[in-house]
Amino acid sequence: MCRLTMYIITSTSLSYACRSLFLQTRKSVLPSYISRTSRFISTCKMANKTALVLLAEGAEEMEFVISVDILRRAGVTVTVAGLAGNDPVKCSRNVVVCPDVPLKEAISKGPYDAIVLPGGLGGAKNLAESSEVGTLLQEQYKSGRLVAAICAAPTALQTHNIGFGKSLTSYPSFKEQLEGNYKYKDENVVVDGNLLTSRGPATAFDFALAIADKLVGPGTSAPVAKAMLIA
């Protein structure tokens, strides 16, 4: 009888102690867990953005790869579209890149929050000569979605009548060619509404980080840059 009483008392005490510990833990841990989960869900919702990167023969490989890499690090869903189809593309320094899909297929899956044009003299020329690219850019720009171009690629924007009268930059040697239709600025990155431009290989990091901030939200680029040891 005594043993049974002691067992009941001990069990009751243990049950009370466990319940008390659970309530204390729930009070201290649960709000923190909910807060972290809410922030995670919020970040996922914010980062649910898409970008289409156009890849043409002669593209500048640094500008292409850095743009794709940084946007993916920032949580943006990136599609690489081959201008000439799904075949591997030789870039300006003979680096060969395989696109995800042909441009026609990529267009059918759009629209995208951003369209990105890497530079490279040959790549920009091919983008400028494509009527399909022209139609895509016109629709993107008129809808208010982001158009981003770097190095020689702003010359393709000019060919397709994109953003005339807005502020813009490019590789320095194209300044004279562009300043008649744009407010040309000698800056690494220029953002004017839904038009974002940059200068060349060395500014490709700034270019891609600026696109990430524009798409996902201000400050998005900071942790991405920190993880890559960009001062």
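## Salt bridges

The side chains of Glu-105 and Lys-109 come together in a salt bridge, 3.0 Å from N to O. This is a predicted model. Glu-105 is partly exposed, at 34% relative accessibility. Lys-109 is exposed, with a relative accessible area of 53%. The count for the structure comes to six salt bridges. Side chains of opposite charge can pair when their charged atoms come close.

Another salt bridge joins Asp-69 to Arg-73, with the closest N and O atoms 2.4 Å apart. Both residues sit in helix α2, four residues apart, or about one turn of the helix. Asp-69 is partly exposed, with a relative accessible area of 32%.

## A salt-bridge network

Asp-186 and Arg-199 also meet through their side chains in a salt bridge, at 3.3 Å from N to O. Asp-186 lies in the loop between β9 and β10 (189–192), and Arg-199 in the loop between β11 (195–198) and α8 (204–216), so this pair ties together parts that are 13 residues apart in sequence. Lys-175 joins in as well: Lys-175, Asp-186 and Arg-199 are linked in a network of salt bridges.

Asp-186 is partly exposed, with a relative accessible area of 49%.

## Glu-61: buried charge without a salt bridge

Glu-61 belongs to helix α2, which covers residues 61–73. Glu-61 is buried, yet has no salt bridge.

What does the side chain of Glu-61 make polar contact with? The partner is the side chain of Ser-92, at 2.6 Å. Leaving aside neighbours within four places in sequence, Glu-61 is in contact with Cys-91, Ser-92, Arg-93, Asn-94 and Val-95.

Ala-59 is placed in the loop between β1 (50–55) and α2. Ala-59 is buried, at 2% relative accessibility. Residues up to four places away in sequence aside, Ala-59 touches Cys-91, Ser-92, Gly-119, Gly-120 and Gly-123.

Ala-59 and Ala-124 are 65 residues apart along the chain. Their C-alpha atoms are separated by 7.0 Å.

## One aromatic pair

How many aromatic pairs does a search of the whole structure find? The search finds one. Phe-164 and Tyr-182 form this pair, in an edge-to-face arrangement, with 5.5 Å from centre to centre and 90° between the planes. Phe-164 lies in the loop between α6 (154–159) and β8 (167–168), and Tyr-182 in the loop between α7 (175–178) and β9 (183–184), so the pair ties together parts that are 18 residues apart in sequence.

Tyr-182 is buried, at 4% relative accessibility. Phe-164 is partly exposed, with a relative accessible area of 38%.

## Backbone features

Most residues other than glycine have a negative phi, and most peptide bonds are trans. The peptide bond between Gly-110 and Pro-111 is cis, with omega about 5°. Pro-111 lies in the loop between α3 (103–108) and β6 (114–117).

Cys-151 has a positive phi, near 65°. Cys-151 is in the loop between β7 (146–150) and α6, and is buried at 8% relative accessibility. Asn-161 has a positive phi too, near 60°. Asn-161 lies in the loop between α6 and β8. Asn-161 is partly exposed, with a relative accessible area of 47%.

## The chain as a whole

The chain has nine helices and eleven strands. Of its 231 residues, 44% are buried. The accessible surface comes to about 12500 Å², and carbon and sulfur atoms account for 58% of this area.

Among contacts between residues at least 6 apart in sequence, 63% join residues at least 24 apart.

Technical notes
Residues numbered from 1 in each chain as written. Predicted model: local features only at pLDDT ≥ 70, side-chain atom pairs only at ≥ 80, totals over all residues. Heavy atoms only, no water. Helix = DSSP H or I, 4+ residues; strand = E, 2+ residues; numbered from the N terminus. Buried < 20%, exposed > 50% of the residue type's maximum accessible area, 1.4 Å probe, protein only. Lys, Arg positive; Asp, Glu negative; His and termini not counted. Salt bridge = Lys/Arg side-chain N within 4 Å of Asp/Glu carboxyl O. Polar contact = N/O pair within 3.5 Å; in protein donor to acceptor, adjacent residues only side chain to side chain. Contact = heavy atoms within 4.5 Å. Phe/Tyr/Trp six-rings, centres within 6.5 Å; stacked < 30°, edge-to-face > 60°. Areas by Shrake-Rupley, 256 points an atom, 1.4 Å probe, with all protein chains shown as cover.
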